[in-house]
Amino acid sequence: YTILSKVHSDRNVYPSAGVLFVHVLEREYFKGEFPPYPKPGEISNDPITFNTNLMGYPDRPGWLRYIQRTPYSDGVLYGSPTMENVGKPTIIEITAYNRRTFETARHNLIINIMSAEDFPLPYQAEFFIRNMNVEEMLASEVLGDFLGAVKNVWQPERLNAINITSALDRGGRVPLPINDMKEGVYVMVGADVPFSSCLREVENPQNQLRCSQEMEPVITCDKKFRTQFHIDWCKISLVDNTKQVSTFQEVIRGEGILPDGGEYKPPSDTLKSRDYYSDFLITLAVPSAIALVLFLILAYIMCCRREGVEKRNMQTPDIQLVHHSAIQKSTKELRDMSKNREIAWPLSTLPVFHPVTGEIVPALRADSYDNTSMPLMQTQQ
């Protein structure tokens with residue numbers, strides 16, 4: 001672990017390739033860079049956040065990660081450098097922000113990656129710890145306890161932590177804020193001896209069946225981790241780099257395999273451009289012509305092939321036409337009455353004679369009808 005100093009000077013660190021690198025940014029070392037509280041003697045506890053980036057670039061290198069849970073906790077840079085970065089100094093700009101006064105302070109961290117003689121370790125195992133967050137696992141005492149438990153189970157001569165990855169970076173979900181649930185962390189370690197029988201127990205058929213049924217496998221050495229670390233044995237990954245698997249496969253010619261056509265030869269620049277005007281016309285003209293023909297046929301059927309009212313009347317009996325005409329006249333009379341209430345009353349309401357005395361009985365409203373029109377009923381004797 002390396003801690004930044006208070007002064008504005010570059011800090012050099014020398015991590016090894018293939019070994020976990022952890023750099024802690026402690027808030028206490030940056031408090032002196034910012035003005036104190038107005039009241040003398042008051043304890044300074046300003047919220048401080050950090051921004052880290054590769055010099056000249058907006059982000060960090062791909063192998064380097066940064067985490068700070070809250071503005072009142074320390075920031076941590078961690079990752080596993082690769083052999084590609086050996087001999088190339090990596091300058092990380094660290095900017096501290098005081099969230100109370102909006103003051104800033106900047107330091108440079110120069111990472112000089114060294115090559116390791118025993119890199120890479122041939123036997124690598126990745127564990128998934130469910131009850132830890134990444135910043136908790138990066139603490140020196142917690143990581144030391146885990147490596148000690150792995151060493152008791154594995155019994156290697158050399159054991160190194162290769163990389164630590166949060167479960168959120170591997171597609172995991174954010175845990176619910178109940179029962180102090182953790183997000184989980186993947187820890188990869190490497191050793192120089194083959195895997196122990198305890199680590200191999202997860203590969204037997206019984207445990208594989210239990211894992212497929214989402215049940216806990218039976219591991220004899222699980223008790224050595226359970227006191228502090230809850231390991232998901234179904235997600236353990238064992239990699240043996242001593243077994244060099246040849247990636248070359250002889251190609252057997254047969255069905256589904258095209259013959260070798262040699263090297264790819266791109267077309268020359270002297271090709272003539274193709275005219276798509278005729279294709280465009282065909283694409284629009286043919287569907288338009290078909291639509292027009294269908295429209296004309298439909299218009300002829302709907303407009304020019306109608307039978308008409310005269311043909312309908314010729315095929316209808318006379319008595320039916322009379323009844324229909326009477327109904328239409330009565331309907332028209334009722335509609336006219338509803339439009340204007342002051343017009344002449346219908347014939348049914350005009351004066352009629354008394355059936356016994358023969359006298360003319362006045363209508364309900366004799367003054368509202370036209371006296372010039374004589375009703376038909378008065379002609380009866």
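**A predicted chain and its salt bridges**

Of the 381 residues of the chain, 30% count as buried. The model is a predicted one, and the values that follow are computed from it. The accessible surface of the chain comes to about 26800 Å², and carbon and sulfur atoms contribute 56% of that area.

The secondary structure consists of eight helices and 13 strands. Among contacts in the chain with a separation of 6 or more, 65% are between residues 24 or more positions apart.

One segment carries an annotation from a record. The unreviewed UniProt entry assigns a "transmembrane region" to residues 280-303.

A search of the whole structure finds 13 salt bridges. One of them joins R170 and E126, with a distance of 3.0 Å from N to O. This pair links distant parts of the chain, the two residues being 44 residues apart: R170 belongs to the loop between strand 9 (159-166) and strand 10 (185-191), whereas E126 lies in strand 8 (residues 123-129). The partners also fall into separate accessibility classes. E126 has a relative accessible area of 12% and is therefore buried, because the buried class comprises values under 20%. R170, at 42% relative accessibility, counts as partly exposed.

The loop between strand 9 and strand 10 also contains K182. The side chain of K182 meets that of E136 in a salt bridge of 2.9 Å, N to O. E136 is in helix 1 (residues 134-137), and this pair, 46 residues apart, again links distant parts of the chain. K182 counts as partly exposed at 22% relative accessibility, and E136 counts as partly exposed at 26%.

A further salt bridge is formed by the side chains of R200 and E203, at 3.2 Å from N to O. R200 has a relative accessibility of 34%, so R200 counts as partly exposed. E203 is likewise partly exposed, with a relative accessible area of 41%.

Salt bridges also occur as a network in this model, linking R130, E216, D222 and R226.

Conventions: Residues numbered from 1 in each chain as written. Predicted model: local features only at pLDDT ≥ 70, side-chain atom pairs only at ≥ 80, totals over all residues. Heavy atoms only, no water. UniProt positions renumbered as here; feature names shortened; annotations may be inferred. Helix = DSSP H or I, 4+ residues; strand = E, 2+ residues; numbered from the N terminus. Buried < 20%, exposed > 50% of the residue type's maximum accessible area, 1.4 Å probe, protein only. Contact = heavy atoms within 4.5 Å. Areas by Shrake-Rupley, 256 points an atom, 1.4 Å probe, with all protein chains shown as cover. Salt bridge = Lys/Arg side-chain N within 4 Å of Asp/Glu carboxyl O.
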